[in-house]
Structures are given as C-alpha cells and as structure tokens.
Amino acid sequence: MTATPIDNGFKGSAARNAAARARLLRGLLPALSLALVLLAIAWLNPRAISYFGFSLMLNLAIPIALATIAQMFVIAGNELDLSIGTFVGFVGCVTATWLKDAPLIGVIILLGSIGVYALLGALIHLRNLPSIVVTLGMSFVWQGLAILFLPKPGGKAPDWLLAIMAFKPPFIPFPIIAALLIAATVHFGLMRTSYGVILRGSGGNPAALRRAGWSVLKTKIVLFSLAGLFGVLSGMALIGITTSADANIGNGYTLLAIAGVILGGGEFVGGRVSPIGAVIGALTLALAASPLLTFMHIPPDWQVAANGAILIIVLAARVLISRRER
Amino acid sequence: MASLRTLLTKPWIWSFVGALLVWLATIAFTGGYGAGGMVTAALSLAVFTVIVGVGQMFVITLGPGNVDLSLPANIGLASAVAMKVMGGSDAMIVVGLLAALACGAAIGAINYLLIWALRIPPIIATLSASFIIQSVDISYGRGLQIKPPPGFADFTNWQVLGIPVLAILTVLFTIGAAIALQRMIYGRSVLAIGQNIRAAWLAGVNVGRIRFLTYTLSGALGGIDGALLAGYFRGANVDIGNEYLLASIAVVVIGGTSVAGGKANVPGVWGAALFLVLLLTMLNTFGVSAGVRLLLTGLIIVGVITAAGGEKALR
C-alpha cells in the first residue's frame, strides 16, 4: 500500500468515488496524524517550530525510523521481529567499543550479525518456525552479547560517526533530511523495483510466488538481511547521538518499531507495508512520546501510554474510514 | 514396554526429559549436593510460569496471530493492585486476590474489546493495551513500598515435605484446565476455532464469546500471577512480570502446543516451565556471568524451538 492515492479513473459511479475518497483518506492517515501532532506542538509552544527546535525534537527520530524500517521488512514477509530492540542495543555496544577501537573487527562483527539475521530468515522459513518465538529467543542472545561486550554503560562513539550525526545542513534540520532520504530510498527499493514486488509478494501470497518460480526462501533471507542492515544503521545512528552505549539502550525500540509500522499504514498480513508511512509513523511516535507531552505538562510516566493511545486512535480512525470504503 | 512407547509418542514428554537432563547435569556438577532443594526451588518458581503459560496456551490455541503480549504489564499492575488492597493486613488477603483477579480480567476483556472493535490483530491490540497498562502501573505504583501481609507471604512460601503448597494447588488447577480443554464445551470450542475459525462458526460455535472468554481468562490468570509473585518476592514491582513475556510463550511452544492453533497441551506447560527454571538454575550453578546466561538461554530456546518445529511441517 502506498501513501499515494489510487486513481480509479473516470469510470464514474458515486459509490466508487466515495470508495476512492475513503482509500485516499486512509492512505493519508499517517501524514494526517503527524500533521496533527505538529499542529498541537506549534500551538502549545510556537518556538519549537524552528530549525533548532526540530533538530532537538527529532534527534532520536532517526534511529527510531531506521529500526521501524527494519521491522517493516520483517512484517512485509508476514513475520514479526521481537528482537530488533535488543539488536539495536547490541549494535550500539559494538559501535561504542570495537568499531571505535578496532574498526576492522567492528565491521566484521556487524556484518556477521547481519549474516545471523539472514540465517534466522532461512531457519524460520525452512523449519516453518513461529518468528515470534525465535526472535524472542534471539532478543536474549543479543542482550547477552551486548552485556559481554560492554558490561557497564560506557564506551565512546567513533569520531566520524559523531561528526555525521552532528551535521548541521543549512535551512533544513538534519533529522528531516535523513528521514526523507530513508523514506525515499526504501520506497524506491521496495515499492518501485521488480524485486521489491517479489519481496512484498512473499508476504502477500507465498504460494503464488513459489508457483511463479521464485524462491520464497531467498525472499525471506533478503528481507531478514535488510532488517539486520537497518537494525545496524539504527544502532550506529543511536550511538552517534548518545555518544556512549549501554546494553539496554535499545530495549524500547522493539515495540516502538512495531507501532511505527502499523501507524504508517502497514498491516500484519499480506505484505501490505509502506516505507514512507513507516518513517512518518516513527516521526509521529518520536514527537508525540516526549516533546508533545512535555509541552502539555504531562509527567513522563505517561510517555508509553501516549504511544499506545496514538496507536489506538489511529487504528480506530482507520476502522471508521474502512467502513466507508465498503 | 508398550506403555513406555505410547508415552514417548506424547509431545509433552520431551519437555520433561529436557528438565530431567538439565537437573541431572546440575547435580552432577555439584556432586549431588542440593538435589532436593533444587527441585523444591524449581517447583516454586515454575508455578508462576505455569499459571500465565496456561492462559497464553488457551490464547495461542485460538489460531495464528492470537497471542497475549500484555501479560508482563498486566502482572506488574496486578501485583501493585494486590499489595495496595491488602495493605499489609492479613484480613484483606482474599479481597486483594480478588482485586488482582478482577484487574487482570478487566485487562483481558479490554484486550478483546480492542481486537473486536478495531478489527486489529491481537498482537497489536495487546501491544497497545500493554503500553497504556505500563503507564498506569508506573503512575499508580510509584514509590509503592507496601509489603505483602505476613500470612500471604508465608502462604506463597509454604512447603509440605519439601513440596511447595502453591505447586500442589497449581497442579490441581492445571488438571482442571486440561479437563476444561479436552472435556468441556468451552475447551472444545477453543480447539475448534483454532483448527478452522469459519468451520467452527458454521458449526454453531459462538466464536466472539469464546474468544472474549479466552482473552479474559488469560488476563485473569495474569492478574492472579501478579498477586502471587508480589507475595513470593515480598513486594510489588513494575518490572516483576517482564520475564513472563518470553516465558509464557516459550513454555507453550516447547510444551508441544501448536503455534498454528487448534492443538493444545497442558502437561507440556509444566514440563517446559520446569525445564526453563532448571536451565536458569543450572547456568547459575555453573557460575556463568549474566551475559553468558542470557546468551545461552536465548540459544537454547531457539535450539529447542528449531528441534521441536519439524513435526509441524508434516501436518
């Protein structure tokens, strides 16, 4: 499902127009929720809507968006990754230790971890395993490795990474450029290339894909490797911002990433995902969870609840729209 | 011999074999020291996993996509509710337990309400619910220092001849759950829905009502578990239920329940829970660091799932 409207042509009946309008509305829902959150922030604190304000508010949105994209690839194949959070934490620990002190070993470890993701994809497909359980088990593996690499909070991000994340382009804050770049790249790769269609097809109708002569095993491996790759990018981006690491640093990302994909119009079954929507969903969650609540003087206790509430509100809106779609 | 052979064909036997092997490995390491104490400790801790595991098992049996991710948050909130209502007084134990049960059941009912009203996958519904419950718990349980009533704490730690009374009660409960699953209309309906939801509906099963009951049951068991955990560990805690997300799902799958739904196994939940607890005891006895312990726990769970997953492909 793309964020762009599907034009039904000039065939005409009023009912069809209404359905098309509902579908357009549904496609625009992620963008609308982001706009609503932005409006609320602008109303509560107009000064936040500035170059500096956005740089600050959206700082952590980059790693969240990357983790959300990672989760999106897994969900596109009808699976779910409950280990992405601890994986991001693991990558963070590697980034703040090996990648800084011995870059070559660091790179090998990170590439190896992407390889583990590829293997998981193969294992889940070949043995017909429930991805929830396998990735839940893997979440312990990543956390254990993270603690082994970095027993107590510390380490330091490599200088080049700090330089990238502190980049201050003119006029448009870096997080916004990064978000646009991530969304555009993944959208092109997954939605506009022929292999992207095959990848989504492995979630939509694996049987049809198999009969058409494509290897579902291969698509699962590719999807999981991409998830691993974006998980690595997310962990590195996170450490570039926080400058040091902690084995538990990414734990909250598992649920945030799932919420981001769903907010962005993704669905659990059928390979229906939207990269642009996922990035927008991640931005919405990043903004709503902390800046918006702070401006509304709501104690941080309720941050997590805000995520849940947004998720429920958006899903409820989706139900209302879908009802009109019929 | 023939009975042994039929026993070996049962899927749940392997979780008990695993538990036994882990136990033997540990006492071989300690030279036989603490063999009995280890069983007692394993039984006391396994109880908490079994209670939520049974709830999760009924939910998972409803079919693909059905899973209750709100259990950890639910356990955390119920532990705080129980401690607050009991207020450290022995007279309020039953009221506190009922409050925790009601709190959990309400969460389960809300979970199903979200699934039904928003027509969203249970994973997302229970996930969003757990976000909100977590915040409620953080806010409600802030600085909660209430100890459980002495009578309740003693009850959760009470042993007869080295066997925890709570474990005996839980065995009785699981026997009840097995009867409900295999011999009662409710359980048969859950299995029917898991096998083919449309066929079950056509056969006259009230699908909505059964699913509602199942999510409420899972929530209620989470609530009771929270209260018991707070009694056993002498105090409520926001994070008290965290480990039960993995544990509740893992014991169901390791215990021989099909993740595809429609095939459940109650004894396996016990075997798998004992296996997990003894595994942790073994790693602690070997003196491995926290990192290695997590790493091995994860690898063993993935390994066991991989080994057990094969039979599903045949069906």
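User: Where does Gly115(A) lie, and what makes that stretch a helix?

Analyst: Gly115(A) sits in helix α6 of chain A, residues 103-126. Helices are DSSP runs of H or I with at least four residues, strands are E runs of at least two, and both are numbered from the N terminus. This is a predicted model, in which local features need pLDDT of at least 70, side-chain atom pairs count only at pLDDT 80 or more, and totals for chains, interfaces and linings use all residues. Residues are numbered from 1 along each chain as its sequence is written, while chains are lettered from A and ligands numbered from 1 in the order in which they are written.

User: Why is Gly115(A) called exposed?

Analyst: Count the C-beta atoms, placed from the backbone, within 10 Å of a residue's own: 20 or more others mean buried, 12 or fewer exposed, and anything in between partly exposed. Gly115(A) has 12, so it is exposed. Its C-alpha atom is 9.4 Å from that of Ile221(A), 106 residues apart along the chain.

User: What makes α6(B) largely enclosed?

Analyst: Of its 19 residues, 16 are buried, so the rest of the structure largely encloses α6(B). This helix covers residues 122-140 of chain B and reaches 26 Å from first C-alpha to last. The expected span is 1.5 Å times one less than the number of residues.

User: How do you know that the radius of gyration of chain A agrees with a compact globule?

Analyst: The radius is taken over C-alpha atoms, and the globule rule is 2.2 Å times the number of residues to the power 0.38. For 326 residues the rule gives a value near 20 Å; chain A has 20 Å, so the two agree. Buried residues make up 51% of chain A. The chain has 15 helices and zero strands.

User: Which residues of chain A and chain B count as in contact, and how many are there?

Analyst: Two residues are in contact if their C-beta atoms, placed from the backbone, lie within 7 Å. By that rule, 35 residues of chain A are in contact with 40 of chain B. Helix α7(A) gives the largest share of the chain A side, 13 residues. That side divides into 27 nonpolar, six polar and two charged residues. Here Ala, Val, Leu, Ile, Met, Phe, Trp, Tyr, Cys and Pro count as nonpolar, Asp, Glu, Lys and Arg as charged, and the others, Gly among them, as polar.

User: What does Leu283(A) touch?

Analyst: Leaving out residues up to four places away in sequence, Leu283(A) touches Leu34(A), Leu58(A), Ala61(A), Ala65(A) and Ala179(A).
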